[in-house]
Amino acid sequence: MKISFLLYIKKILLLAIIVFSAAFSYAQVIQLGSGTSINSITTASPVNTYYRRQVFQIVYTAAEIQAAGVTAANTLSQLGFYVTNQPLYAIPGYTIKIKNTTNIDVSVSLGTTGWTTVKNAFTYAPSAGGYDMIIFDTPFNWDGISNIGVEICWSQIQPNWDASGQCRI
């Protein structure tokens, strides 16, 4: 009885490993933009702490995403930035929200409705020298047609602001 139960558990674990391996083998990583310019130490960015508290919005157009090789609806599971200079202080309450949008840029606010919180508030201490990827708590389903609005916000930096934190833009 114990042997057959253990054999059954091993088969289930093997099946789970195969399913998870298959799921991860279809993951696609894309880079949007050339990534050669770097924000100044006083310019808002996903890692710059010059402003102690921030709400930062970005729009990635469907054309940009499709040009990078994603040609149909897809599930987004992480987002990252190439950090060149880490901020002096950890960033508290770092939250990421995403939504499908018709906006082509952020010259007009993306509004306060329709957002999916993909990364719940956490203390973010990015590392410099490469892409710092943030894995979502809740994946986002992109429809393959709309532009994508991203909102990154955080709580007040403690003990003070600091002109640090840079990434490629």
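Let's start with a cysteine: C153 is buried, at 14% relative accessible area (buried means under 20%, exposed over 50%, and partly exposed in between, using a 1.4 Å probe and protein chains only). What you're looking at is a predicted model, where local features need pLDDT of at least 70, side-chain atom pairs count only at pLDDT 80 or more, and totals for chains, interfaces and linings use all residues. Residues are numbered from 1 along each chain as its sequence is written, and side-chain values use heavy atoms, with hydrogens and water left out.

**Cysteines**

- C167 is buried too, with a relative accessible area of 1%.
- How many disulfides does a search of the whole structure find? The count comes out at 0, where a disulfide would be a pair of cysteine sulfur atoms within 2.5 Å.

**The sheet**

- Helices (H or I, at least four residues) and strands (E, at least two) are DSSP runs, numbered from the N terminus.
- Three strands make up an open sheet here: the order is β5-β2-β7 and the pairing is antiparallel. Two strands pair if DSSP finds at least two bridges between them.
- Why is one side of β5 and of β7 left without a neighbour in the sheet? Strands β5 (130–142) and β7 (166–167) stand at the edges with a single partner strand each, so one side of each has no neighbour there.
- Take a look at β2, which covers residues 74–85: 9 bridges join this strand to β5, and the two run antiparallel.
- If you want a spot to check in that pairing, Q78 stands opposite I135 in β5.

**Salt bridges**

- You'll find 2 salt bridges in the structure, each being a side-chain nitrogen of Lys or Arg within 4 Å of a carboxyl oxygen of Asp or Glu.
- One of them brings together the side chains of K97 and E151, at 4.0 Å from N to O. This pair links distant parts of the chain, 54 residues apart: K97 sits in strand β3 (residues 91–101) and E151 in strand β6 (residues 147–154).
- Buried or partly exposed? K97 counts as partly exposed at 24% relative accessibility, while E151 is buried, with a relative accessible area of 10%.
- K119 forms a salt bridge with D137, and their closest N and O atoms are 3.4 Å apart. Here too the pair links distant parts of the chain, with K119 in strand β4 (residues 116–124) and D137 in strand β5, 18 residues apart.
- K119 counts as buried at 14% relative accessibility, whereas D137 counts as partly exposed at 41%.
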